[in-house]
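Please examine the sequence and the structure below before reading on.

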Amino acid sequence: MKIQAGRSVLELVEGDIIRQDTEAIVNAANQSLLGGGGVDGAIHRAGGPQILAECRQLGGCPTGEARITTGGNLKARYVIHTVGPVYRDGLHREPELLASCYRESLKLASARGLKSVAFPSISTGAYGYPLADAARIALKTVKAYLQEHPEIERVRFVLFGQAAYAAYEAAMKEL
Ligand code: AR6
């Protein structure tokens, strides 16, 4: 499914983030930026040691912020690493921190002149963010950014499995 956001396209696909040919893919990292499971593990496995070597130089990343490295052996030229909130009860700034991840990642893409970015569903795996809530925040935040920043032509959400895709599709229909 896809919609227009200003002059840009916002689209949903079911698939694997590491296979995307967008200029950047986004990693759902942790504050150490030194790797982990889920998306993070898949990106470092497929991208090779170059990404980790660059991450070591960055000295970590606070929750809600983002950092950029090259893409190593991936198709994508860059990896944008962002740290989502660990979900507790929704009352500990989780919504604003999650929105900040998407915004800060896109700001880095804009600053580098990148035209296409693929995101996974940040915080909805190991970090436990309820999928429906996360989907609404993710799409609303990215749509608003694109409406102000036509320099990014395409944002693709790459949803892992049918349940994640369905949640984002439902949220997109409500936008
Ligand atoms: N492509 C796209 N989506 C994926 C893939 C993939 N290859 N693999 C998993 N997902 P998670 P988080 C989905 O746990 O919740 C790591 O250990 C997954 O189904 O990767 O932000 C980090 O180092 C889920 O919907 O990220 C951190 O410690 C979504 O991606 C921690 O996990 C996010 O799941 C971050 O947790």
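Arg-93 lies in the loop between β5 (78-83) and α3 (94-112); helices (H or I, at least four residues) and strands (E, at least two) are DSSP runs, numbered from the N terminus. The model is a predicted one, in which local features need pLDDT of at least 70 and side-chain atom pairs count only at pLDDT 80 or more, while totals for chains, interfaces and linings use all residues. Residues are numbered from 1 along each chain as its sequence is written, and side-chain values use heavy atoms, with hydrogens and water left out.

Although Arg-93 is not a glycine, its phi is positive, about 65°. Most residues other than glycine have a negative phi. Ser-123, in the loop between β6 (116-119) and α4 (131-148), is likewise not a glycine and has a positive phi of about 75°.

**The ligand and its shell**

| Residue (side-chain atom) | Ligand atom | Distance |
|---|---|---|
| Asp-16 (polar) | nitrogen | 2.8 Å |
| Asn-30 (polar) | oxygen | 2.7 Å |
| Thr-124 (N or O) | oxygen | 2.9 Å |

On its own the ligand has 700 Å² of accessible area, and the protein covers 88% of this; such areas come from the Shrake-Rupley method with a 1.4 Å probe.

**The largest pocket**

The ligand sits in the largest pocket, meaning that more than half of its atoms lie within 2 Å of the pocket's grid points. On a 1 Å grid over the protein atoms alone, a pocket is an open set of points where a 1.4 Å probe fits, with protein on both sides within 12 Å along at least five of seven lines; lining residues have an atom within 4 Å of a point. The volume of this pocket is about 550 Å³, where a volume is the space filled by probe spheres set on the points, joined across faces, edges and corners. Its lining has 26 residues, and Ala-28, Gly-38, Val-39, Asp-40 and Gly-125 are the closest to its centre. The largest share of the lining, 5 residues, comes from α1.

Methods: A polar contact is a pair of N or O atoms within 3.5 Å; within protein, one must be able to donate a hydrogen and the other to accept it, and residues adjacent in sequence count only if both atoms are side-chain atoms.
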